[in-house]
Structures are given as structure tokens and as C-alpha cells.
Amino acid sequence: MIIAIANQKGGVGKTTTAINLAAALANKGRRTLLLDLDPQANSSMSFLDVHDLKGSIYDVLTDSVALSTIVQPSAKIRNLWIAPATIALAKVEAKLIGELDSHYRLKDVLQGDRDSYEYIIIDTPPTLGIITVNALVAATHVLIPIQASYFALEGTDDLLETIDKIKGRANPELQILGALITLYDKRTLLAKDIYEQIQRVFGVKVFKTVITKSVRLEESPAYRESIFTFAPRSTGAYEYYQLSEEVLGRV
Ligand SMILES: Nc1ncnc2c1ncn2[C@@H]1O[C@H](COP(=O)(O)OP(=O)(O)OP(=O)(O)O)[C@@H](O)[C@H]1O
Ligand SMILES: [Mg+2]
């Protein structure tokens, strides 16, 4: 199962979800790969020291370097591996543009490795460019984090259209795993409104688990930890654990 975490809107909780869903699945004993496709490399930084990497996903996508040579185990979590990104990935669009197989690079790369892991979680950048398209072409499922804010659904039309296009040709198997409401603040009246708005668009695809706004979740990446080691008793840990249960229940 290959899950792309995607929403071209910035700061909606893609990386936080990628990190903590991957950690939750690994904690359940599932062999999990967290694949970072964002040049900001925030997922990679949460688990690895990006200054001593042997290579990054950029090399894999552009130089036919084997994925296994860049993958590193997480020091703190068993069953979790990381395929790191670096800022070099920002050049990949320019490098691949005009190549006939530019949208299929990641799919081809994962062909040989998908049996090594039960779950591959892909963190994507806040754009709908070649990088995110590569993730959606390679994925079996897409999970869409949506920030519970007034403009929550802004841009989801474009994302859903892109998903439809990719299903139409490059990846007919692609399924929407679900929409995840993030950064939820239950003290506001607006939040309930937004929840209903999102439900009108995504219906039963909306996860029952809602990720609330919490200081612990905001802090954990700075300490290079998932929420499960940083604050195991926090609501954030509970919510991401619940999400992993729902994900396992949907596939
Ligand atoms: N539930 C939460 N509660 C509090 N802060 C959160 C929560 N989820 C994410 N954050 C914080 O909000 C910011 C944006 O989150 P995150 O980096 O996960 O979003 P993103 O969609 O990956 O952003 P980008 O589009 O830039 O890649 C980060 O500073 C993160 O620590
Ligand atoms: Mg991110």
C-alpha cells in the first residue's frame, strides 16, 4: 500500500500527518517507509540528520541510483525507514521537464521495492507540479489533509481534478483513502461549520478521526521526534493512533 499525503495548499498538516502516520504504522509492527518528496525536507529532518546522508530521493529520481542505497532506518522507531529529500529536489522539475517518462519516475523506482515494505507513506510539497504528480502516479491511495479554516476547501477542486486525470490514464487504481481534518480548534463555532462543509464535498471519505490543534504536535518536529516518543500521552498521539487504526480499517 502506497499512500501519498497531498494537498497543494501549504501548511495544512501534510508533513505532520506523514511523520506520525508512518510512525504509528511502524509501532504496530508494519514495515513502513516514509518517503520524502518535499524539497523542504521536513519529514527527513524529523528523523535523520540531513547533513550526513549518503544520497537523497533526488539522486534516485534523476540518476537511476537504487532506492535501497539512500534509505536509512529510524534510530528511534523499529520497522520505520526513511527515504530522505534535500533541497536539491527543488531542481527536479527543471531536470525532468521534457523527459517522456517524467511522471513515471517514482512508480518505476518503487516497482522493485514495494515488496520490501507493507506501507509506503509519501510526503509531498505544496504544489501540483511534477513531484506531486509522480507521487500520485506511484500511489495506490491518496490521503488529503484539510486544515479546518475558513478557506479550507480552496484549491481542493484542482487537486480532485488532478486526481481524476491521473486515474483516467496514468494510474487507474488510485483511490482516495480519505480526507483528514487537521488543525481543528473545537472552541470556535466556525470549526463545526467547516467540518460540515468538508463533509459535503467528501462525504463518507472524511475520517472520523479529527486532528486537533495542539502545542505538542507543533513542537515535536523541532525535537526530531514523532508524537509517540515526544509526548506519548498527548491528544495528538491518541489522534494519530486512531487515524492509523482507521487507515488499516479502510484497506
Ligand atoms: N495539529 C496541529 N497542531 C498544532 N500545530 C500543528 C498541527 N499540525 C501541524 N502543525 C504545525 O503547523 C505547521 C504546518 O504543518 P505541516 O508542516 O505538517 O504542514 P504541511 O502541509 O506539510 O506544510 P507545507 O505545505 O509547507 O509542506 C507546522 O509548523 C506544524 O508543526
Ligand atoms: Mg510539508
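Colleague: How far is a polar side-chain atom of Asp-38 from an oxygen atom of ligand 1?

Modeller: The distance is 3.4 Å. Bear in mind that this is a predicted model. Gln-40 also has a side-chain N or O atom 3.3 Å from an oxygen atom of ligand 1.

Colleague: And what about a nitrogen atom of ligand 1, with Thr-212?

Modeller: There the contact is with the backbone: a polar backbone atom of Thr-212 sits 2.9 Å from a ligand nitrogen.

Colleague: How much of the accessible area of ligand 1 does the protein cover?

Modeller: On its own, ligand 1 has 630 Å² of accessible area, and the protein covers 81% of that.

Colleague: Which residues come nearest?

Modeller: Lys-14, Thr-15, Thr-16, Thr-212 and Ser-214, out of 18 residues around ligand 1.

Colleague: Switching to strand S1. Which way do its residues point?

Modeller: Ile-2 and Ala-4 point one way, Ile-3 and Ile-5 the other. Side chains alternate between the two faces of the sheet in a regular strand. In S1, all four are buried.

Colleague: What does S1 pair with?

Modeller: Strand S5 (residues 119-123), parallel, through four bridges. Ala-4 has Ile-122 as its partner there. S1 also runs parallel to S6, with three bridges. In that pairing, Ile-5 partners Leu-143.

Colleague: Last one, the surface. Is Tyr-150 buried or exposed?

Modeller: Exposed, because its relative accessible area is 56%. Tyr-150 lies in the loop between strand S6 (141-147) and helix H8 (156-168). With Phe-151 and Leu-190, Tyr-150 makes a nonpolar surface patch of about 340 Å².

Definitions and conventions:
Residues numbered from 1 in each chain as written. Chains lettered and ligands numbered in written order. Predicted model: local features only at pLDDT ≥ 70, side-chain atom pairs only at ≥ 80, totals over all residues. Heavy atoms only, no water. Patch = residues over 30% accessible without salt bridge, like charges linked within 9 Å, V, L, I, M, F, W, Y side chains within 5 Å. Areas by Shrake-Rupley, 256 points an atom, 1.4 Å probe, with all protein chains shown as cover. Salt bridge = Lys/Arg side-chain N within 4 Å of Asp/Glu carboxyl O. Helix = DSSP H or I, 4+ residues; strand = E, 2+ residues; numbered from the N terminus. Buried < 20%, exposed > 50% of the residue type's maximum accessible area, 1.4 Å probe, protein only. Near = heavy atom within 4 Å. Polar contact = N/O pair within 3.5 Å; in protein donor to acceptor, adjacent residues only side chain to side chain. Pairing = 2+ DSSP bridges.
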